[in-house]
Amino acid sequence: MSAKSQPYILATHMSYTTGPKVVIVGAGVVGGAAAHYLTLAGAKVTVVDKDPIGIHASGLALGGLGPLSGAGIPNPIGTLSIESWQLHLDLSKSLTDEYDFKLEKSLNIIFDNQQLETIRSLLDWQKSQDGFKVEWLDKSDVLDIEPRIVSAFLGAVVTEPTGIIDTYKFNNALISEAQRNGADLVVGEVSNIQSTGSACNVSIDGGKTLICDKVIVAMGPWSHQASEWLGFNIPITPLKGQILRLKAEGPPIPHISWSGADIYGSYAVTKSDGLVWVGTTEEHGGFDDRPSSIGRQTIMRSVVSILPQLAQGEIIKHTACLRPLSPDGLPVLGFLPGNPKIVIASGAGRKGILLGPVMGKSAADLVLNGYTSSNISALSPDRF
Ligand SMILES: Cc1cc2nc3c(=O)[nH]c(=O)nc-3n(C[C@H](O)[C@H](O)[C@H](O)COP(=O)(O)OP(=O)(O)OC[C@H]3O[C@@H](n4cnc5c(N)ncnc54)[C@H](O)[C@@H]3O)c2cc1C
């Protein structure tokens, strides 16, 4: 480990020197975080991925880290969300490779009284969280922060701090750190996972089989494929999202988000690459992860209605990727029912970059200790 690293120690396994052999299927942010925490605790880890690191959602997502809102926040996963935020703060200091972690202010624009009513009850909880300043600002105060916002809006909920990262670099930083700490990375498509007696067999296309003590299934939107292998339904489906990266004139745009009648969860923010990232879409269209002209038009229409000068922005990059979505929008995290050798860690939906560290750490805890102190009771795979 580098001098910069501060070892994370799993509570009851400080002396785990001859750790279990663990195979992690999927090297996204969830699998990467699990690999990181497991290697720090002394486990022998092999991560298998069919594709290069960072080419799916974990490397293409915006990278906004907002622990105070989203599906299941505050109940039932508010505490878990804040725990993951704390882990992000730790990781930003301890991971060797830089990934442009930045703390900033975010503005959630509110258009009408109905939206205001919806956020009011959440506001009380948000304001009560240590370490955050959350306040309601009227339109004129919002315009003092960002005068380029047009349209009729009432004001904004301003939260400080929120985080933002380069997700491609973060996903790679997690895997690289795990490799430095002894993990192996295998490129290949897993075609079966079988649990036999005291061991597990992970088959990889091409005929190779990895024999191990425990398996973590972190296959993101593809997690449902493991249902057949494991004889248990993992009801994860892909939810496509697109993002445009624009070159635009003028000073950087702070992290602005809004929801309109035709599009949910829109945002614009200038990131560390100097480009304005604008998004996003939510499309239930299977595993097609190609950017589309309809996606581009939808995003541009929404962002230009708030920040009209972005109509002149030059599109430098247009990406699309798939969120892993469960039926209730919450992660699926825990042992495969009846099998303490297999942990499922998937379904983080729209918040997987934020939740990746706590999901990976909890999966690592389960593998090593059989339990985790993180409150994952609402996320049990057998809840559906
Ligand atoms: C447009 C968009 C913007 C987003 N913005 C944010 C944001 O700002 N903040 C936030 O918190 N979240 C955000 N998200 C959500 C976040 O990106 C995802 O929830 C998260 O990346 C999911 O991580 P994962 O590790 O579960 O899955 P993935 O990143 O999909 O990783 C799964 C991995 O498993 C591998 N795999 C699958 N099947 C197999 C197999 N059979 N064999 C081997 N390997 C396999 C895949 O190749 C893949 O690398 C966004 C998502 C989208 C689409």
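Mentor: What follows goes from the helix pair to the core and then to the domains. This is a predicted model, in which local features need pLDDT of at least 70 and side-chain atom pairs count only at pLDDT 80 or more, while totals for chains, interfaces and linings use all residues. Residues are numbered from 1 along each chain as its sequence is written.

Two packed helices are described by the angle between their axes and the distance between the axes. For helix 3 (residues 78–94) and helix 9 (residues 352–369), the axes come within 7 Å and cross at roughly 95 degrees. Helices here are DSSP runs of H or I with at least four residues, strands are E runs of at least two, and both are numbered from the N terminus. Axes are lines fitted to C-alpha atoms, for helices over the stretch in contact, with angles from 0 to 180 degrees between N-to-C directions. Helix 3 and helix 9 are therefore roughly perpendicular to each other, a label for angles of 65 to 115 degrees; under 35 is roughly parallel, over 145 roughly antiparallel, and the rest oblique.

On the helix 3 side, the residues that meet helix 9 include Leu80, Trp85, Leu87 and Leu91. Helix 9 contributes Leu354, Leu355, Pro357, Val358 and Lys361. Contact means that C-beta atoms, placed from the backbone, lie within 7 Å. The residues of this contact divide into 8 nonpolar, 3 polar and 2 charged, where Ala, Val, Leu, Ile, Met, Phe, Trp, Tyr, Cys and Pro are nonpolar, Asp, Glu, Lys and Arg are charged, and the others, Gly among them, are polar.

The largest nonpolar core has 110 residues, of which Val25, Ala34, Ile216 and Ala345 touch the most other members. Such a core is a set of buried Ala, Val, Leu, Ile, Met, Phe, Trp, Tyr and Cys residues joined through C-beta atoms within 7 Å; buried means 20 or more other C-beta atoms within 10 Å, exposed 12 or fewer, and partly exposed in between. Helix 9 supplies the largest share of this core, 10 residues. Domain 1 (21–60 + 168–236 + 328–383) and domain 2 (107–162 + 237–321) both give residues to this core, so it lies between them. Not counting residues up to four places away in sequence, Ala345 touches several residues, among them Ala34, Ile216, Met359 and Ala363.

The domain bounds come from an automatic or database domain assignment. The centres of domain 1 and domain 2, taken over C-alpha atoms, are 31 Å apart. In the contact between them, 8 residues of domain 1 meet 6 residues of domain 2.

Terms used: Two residues are in contact if their C-beta atoms, placed from the backbone, lie within 7 Å.
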